[in-house]
Structure formats: structure tokens, C-alpha cells
Amino acid sequence: TEAVRKLYDEVEAPIIRVLADIESEGVRIDPDFLTAYSSVLEKEIKELQEKIYADAGVREINLNAPGQIGDLLFVRMKIPYRWKKTKTGQFSTDEEILSELAAEHGIVRDILDYRGLAKLKSTYVDALPRMINPRTGRVHTSFNQALAQTGRLSSQNPNLQNIPVRTERGRETRKAFVPRDAGHVLLSADYSQIELRLVAHISGDQTLLEAFRQGHDIHTATAAKVFGVALEEVTKEQRYKAKTVNFSILYGAGAHNLSKQLGIRRSEAQQIIEAYFAQFTGLKAYMEGTVAEAREKGYVTTLLGRRRYLRDINSVSAVTRANEERVAINTPVQGSAADMIKVAMIHINEALHRGGFGARMILQVHDELVFDVPRTEVDALRPIIEEAMKNALPGLLVPIEVGIGTGENWLEAH
């Protein structure tokens, strides 16, 4: 189609050069920081291990063996098991199951923490220094342009888009990403709530559009509508619930999923979702309309015409069908956000070359771009980056907000 051709000519082909620039540029990593941090984690992992052994009353268990963890929790400690077993007939101890049990059992929380820290240490803290290229002294990731079906970029060897940011321990790892020298700083620019803004535009939901145009905090505004209170009366807990609903709705999640995320009864989650859709009628219409269109055409499209085919949208299996429906609802939103940042990257890269700047784009993490910038260029670059990101997709019905920060490392800049 014409739209897909245009998308290729104007976005996918030009971004190849941008990605090549980013990959060859690489990122400077501070190996000494990581070595020191590794021993901090080592100590914490040992302490957790001892605590788990003490609570379980056993010593000979391997915490990295899912089978042994399953036996410990469900046989020895007699925690009721209510899930499917694995193909080999063992208890499953995947993250989802353990997260459900963590609220009631301290030892499960500790096992999850142990796994999280062990993974952080082996995947990033210990691995990154080994990935420094001896010739450049920097780490060079590879971006995949045609892997994620939504059009998002993905990163591998090492995957720098996956550095955990939800936990304090994970965030700490970002301190290891540093500017090239004392004359440079890292600058991070990221879109604020881009997917919610795009869903407001795509669905034309008046309530959502209004909240963004008024510049209200979107989660507080949602909470006020859903719980029927004034903006200034929204409690922290109500805002948290509304935020969770906002994001889970984007991914097409239902009451079951929401009740699990919020740790509330399914009936209560159902009530929240009903109250939500009563307020956001445009959003509900968008979701129903998108699913209907996907059923009929067999695909959904992003704002720039990227297509995603959904061959199981009319499947006889209710589970498969529900999954495809979630994909149908989310793809136009996530895919449009992916298109948007790609357009911004092309424009910014052109501006850097055209203006003879010494600044370089060094990372893309979904809604965020990271640059290595000479200190003297920061003031000149800010407006250029902000402008390119804000206006990547002209004609949107919502204001687009971009946050820009600088710092001596990635954590400080973000």
C-alpha cells in the first residue's frame, strides 16, 4: 500500500543510517564502578541466601534450581499449589506464580529478590565490563529494526533497553553509563506518558483529551473521574489504582489481570473498570471499534500506516482470541509511539550533522533518547531535541511533553 511504502521511504530506510551511527558510536561504561557494585550485590545476595536458608530450615537447597525451589515451597512448606505443572510434571516457580504468593509469604518475597539481584549481577553488572570493545573502549549494542512486531526497536549484545529501572538496585546500574570525558555530559530526553497521549488522540476520547489539554496530572485526573471525587481530594492510593488502570487498559487487560496487579478482589476490579469506561466512553468505543476492524480486515495499523497482521483474531479458542484482541488494541498505540520516536531520531541526527555539533546520540530506550554532549553545546541542543521530539507527528490533538535532563551519568540525567 501507499502508506506502507511511505513509511518505508520516510522512516524505516532513513533510520538505518541513524542506527548505524548510534551503534558505531557506542557508550562509555565505567568498569571500576561496576566491579565495586558487583561486590556490594555479592554481599546482599549472600545475606538473602542465609535468610532464606534460616527461614526454610534447610541448607542444602540450590536457590537457582526451580525444581528444588518448587519442592521447598509446595512440598516441605506445604504452600497450596493451584497452577498447571510444567511439561516434566514439576511445580512451576515462574515469576508470575511467585509474585502471587509473595504477598502472603515472606520467604517467597526473599526468593524473588534473590533472583532479581542474581540476574542483575550476572546479566549486567558482571557482563557489561566484559563487553567493552578493546579498540574503542566503549560498549556497542546492536539494534534490531525488524524484530518487534509493533515497530519498536530492540537491542541485543548487550540488551541496553532492558536495564531494570523499577528497582533501586537496578537503577544504580545506570550510574555506570558515563560521558566520554570531563568535557561532556549525558543528556536524556524522554516522552512523558506518550502512549496515553496517543491513545487520547487516536480514540478522540473527550475526557482524556481535556485532561491533557488542561495540563492535569493524568493519573490524578483519571482517579477523580473514576472515584467521583474532586481533583484535590484524590488520595495516593486512588491515584495508584487509576495509574494501574490507565496502563492496563492500554494493554487490553481485563478484571482478572487488574485484580492481580492491585491485589484486590475481582469484583472490585470489575467495578473500577466499569466506572472507568463510564467516564471514558471514547476509549471504550475505540477499543471495540479496533477489535471489530481487526476481525474484518485481519490487521491493525499505526498512525503512519504500519500494519500488524493478526491471523488468530477469529480463532475458535477464546484464550487465543482474547490475546489477539489485546494486541489489536495495543499495537496502534505502541506502534505509533515507536514510529514517532523514529521520526524524531531521524530529524535530530540530521540537525546534529547539519549544525556541526560534537554531540552524539548514543542510546534509544523506547520513549527515551540519550546523548553524549559537549558541555558547551547543551544549551543550544535542548530546544533542537525538544522541538524534534514534540513535532515528530504533526497534527496531534494532544500536547506532547518532553522531559530533558543532564548529568554526570545516565541515572543523574534521567
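Modeller: Helix H5 (residues 106-125) has 20 residues and spans 27 Å from first C-alpha to last, close to the 28 Å expected at 1.5 Å a residue. This is a predicted model, in which local features need pLDDT of at least 70, side-chain atom pairs count only at pLDDT 80 or more, and totals for chains, interfaces and linings use all residues. Residues are numbered from 1 along each chain as its sequence is written, and side-chain values use heavy atoms, with hydrogens and water left out.

Biologist: What makes 28 Å the expected span of H5?

Modeller: The expected span of a helix is 1.5 Å times one less than its number of residues, and H5 has 20 residues. Helices here are DSSP runs of H or I with at least four residues, and strands are runs of E with at least two, numbered from the N terminus.

Biologist: Why is Ser38 called buried?

Modeller: Buried means under 20% relative accessible area, exposed over 50%, partly exposed in between (1.4 Å probe, protein chains only). Ser38 has 11%, so Ser38 is buried. Ser38 lies in helix H2 (residues 31-56). Beyond its neighbours within four places in sequence, Ser38 is in contact (heavy atoms within 4.5 Å) with Lys121, Val125 and Asp126. Lys121 and Val125 are among the buried residues of H5.

Biologist: Why is strand S5 (residues 184-191) described as largely enclosed?

Modeller: Seven of its eight residues are buried, so S5 is largely enclosed by the rest of the structure.

Biologist: What makes S5 and strand S9 (residues 368-374) a pair?

Modeller: Two strands pair if DSSP finds at least two bridges between them. S5 and S9 have seven, in the antiparallel sense, so by that definition they pair.
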